[in-house]
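Me: I have a model open and want to go through how it is put together. Can we start with the core and then do the sheet?

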Amino acid sequence: PTPDPATGAAVKAMDRAHVFHSWSAQGLIDPLAVAGAEGAYFWDYDGNRYLDFSSQLVNTNIGHQHPKVVAAVREQAAKLCTIAPGFAVDVRSEAARLIAERTPGDLDKIFFTNGGAEAVENAVRMARLHTGRPKVLSAYRSYHGATAAAINLTGDPRRWPSDTASAGVVHFWGPFLYRSPFHSADERQECERALAHLEETIAFEGPQSIAAIILETVPGTAGIMVPPPGYLAGVREICDRYGIVFVLDEVMAGFGRTGHWFAADHFGVTPDLLTFAKGVNSGYVPLGGVAISARIAADFDQRPYPGGLTYSGHPLACASAVATINAMAEEGIVENAAEIGEKVIGPGLREIAERHPSVGEVRGLGVFWALDLVKSKETREPLVPYNASGPANQPMAEFAAACKRGGLWPFVNMNRTHVVPPCTITEAEAKEGLAILDEALSAADAHTV
Ligand code: PLP
């Protein structure tokens with residue numbers, strides 16, 4: 001596209017005048033004005049194109065402007081833009097069927113929401129109603145969304161300003177061998193100790209007061225920590241023993257990101273409730289939901305479910321989900337994510353780690369990877385302190401700027417960069433991105449000791 005800096009400047013000026021941005025000090029931000037996007041790339045008005053190694057907020061699993069999804073939204077808009085949730089509609093029925101067909105076990109009923117946080121809110125509500133118990137346990141290293149219950153369940157510092165309303169939420173440590181809270185020597189020990197810690201937390205909180213344990217199958221924003229073998233099966237067993245509802249949050253890990261339709265498929269574990277959003281339709285129209293087990297769904301066969309949303313199962317969102325899931329199946333997009341991860345991104349990142357003193361650990365699977373950046377490989381001290389901002393965060397800011405100068409849009413969180421491109425990424429694009437990352441890491445290396 002022809003550069004058009006004047007339009008870009010006008011778009012930005014209006015943004016700064018009237019748009020109030022998430023998570024930001026409004027006076028300190030300088031948002032990039034985006035002119036368009038296609039596949040794994042997006043571009044600005046000044047002639048700069050970026051390879052998107054963030055998939056925006058890890059949601060464009062199918063890439064930008066997939067023609068089949070664009071056509072489906074267009075066709076649905078011409079046919080029926082909106083209808084209340086109480087009616088039965090073809091695209092909603094079909095979206096629910098396609099999702100239920102892919103979710104593990106007997107998670108065959110779908111409650112639709114507008115996004116991930118609302119899915120978490122409703123999963124928690126279902127668990128509390130099902131058990132008649134108040135408390136919910138979640139991991140410190142987690143992100144579950146920014147609405148009332150979801151932000152309280154979230155473990156990262158974005159929870160802190162909302163903590164006053166955190167009635168009934170208790171945090172615990174999940175397994176994370178590289179920065180083990182249990183000082184474990186290996187994965188087996190980490191798994192055992194993490195399960196023992198969870199069980200002890202339950203004992204001290206009172207099992208009869210705990211409605212649910214919610215976990216990201218593979219924690220995403222908090223650092224992409226693939227759980228050790230046996231951990232999720234162990235949590236499942238603990239939940240069964242104490243009558244606790246097991247919720248897996250697959251808002252980020254679901255729909256191909258890990259190289260399976262759901263991350264739970266890697267571990268052979270079926271939760272009682274599974275939350276999804278993002279990749280279900282790559283965010284072309286806002287959509288999320290809860291997949292519900294037969295047992296919990298049956299609670300609401302004869303009594304009403306006390307929850308709903310004007311746009312639950314919105315036709316445009318459901319039409320885009322149907323087209324997305326069908327395109328992913330037809331084009332082997334989930335298989336592509338698995339293969340690119342195994343053959344290109346994983347080996348490429350491990351090779352990069354050897355060359356750079358700032359790369360402490362490489363971890364992940366599919367198109368879901370993290371580089372844990374450190375001051376020293378020996379001490380594993382994070383390149384920037386937990387929750388650093390301003391000058392303390394300078395090393396990460398310099399690294400991110402170097403990526404962007406090279407034409408790569410990175411996902412950066414605390415001392416980590418995540419490599420989370422669309423599931424559709426080609427080998428050539430992945431290699432292009434890895435080469436830019438390789439060069440940009442010199443900016444991080446400069447801050448090692
Ligand atoms: N749960 C997980 C695991 C997430 O990664 C996110 C968003 O990043 C959410 C929930 C919240 O989703 P949303 O931003 O759509 O409300």
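Me: Which residues have the most contacts inside the largest nonpolar core?
Reply: This is a predicted model. Its largest nonpolar core has 128 residues, and those with the most contacts inside it are Ala127, Ala212, Ile213, Val247 and Leu273.

Me: Which helix gives the most to this core?
Reply: Helix H11, residues 315–330, with 9 residues.

Me: And where does the core lie relative to the domains?
Reply: Between domain 1 (5–65 + 332–445) and domain 2 (67–330), because both give residues to it.

Me: What is Leu273 in contact with, leaving aside neighbours within four places in sequence?
Reply: Its contacts include Ala123, Met126, Ala127, Val245, Val247, Val290 and Ile292.

Me: OK, the sheet. What is the strand order?
Reply: The 7 strands run E4-E10-E9-E8-E7-E5-E6 in an open sheet with mixed pairing. From one strand to the next, the twist averages 20°.

Me: Is E4 paired parallel or antiparallel to E10?
Reply: Antiparallel, through 6 bridges. Ile110 is opposite Ala291 in E10.

Me: Why is E4 described as largely enclosed by the rest of the structure?
Reply: Because 5 of its 7 residues are buried.

Me: Back to Ile213. What is its bridge partner in E8?
Reply: Phe246. Strands E7 (residues 210–216) and E8 (residues 245–249) pair in the parallel sense over 5 bridges.

Me: Which strands does helix H4 touch?
Reply: H4, residues 90–102, packs on the sheet against E4 and E10 (288–293), and its direction makes about 130° with that of E4.

Conventions: Residues are numbered from 1 along each chain as its sequence is written. This is a predicted model: local features need pLDDT of at least 70, side-chain atom pairs count only at pLDDT 80 or more; totals for chains, interfaces and linings use all residues. Two strands pair if DSSP finds at least two bridges between them. Helices (H or I, at least four residues) and strands (E, at least two) are DSSP runs, numbered from the N terminus. Axes are lines fitted to C-alpha atoms, for helices over the stretch in contact, and angles run from 0 to 180 degrees between N-to-C directions. Two residues are in contact if their C-beta atoms, placed from the backbone, lie within 7 Å. A residue is buried if 20 or more other C-beta atoms lie within 10 Å of its own, exposed if 12 or fewer, and partly exposed in between; C-beta atoms are placed from the backbone. A nonpolar core is a set of buried Ala, Val, Leu, Ile, Met, Phe, Trp, Tyr and Cys residues joined through C-beta atoms within 7 Å. Domain bounds come from an automatic or database domain assignment.
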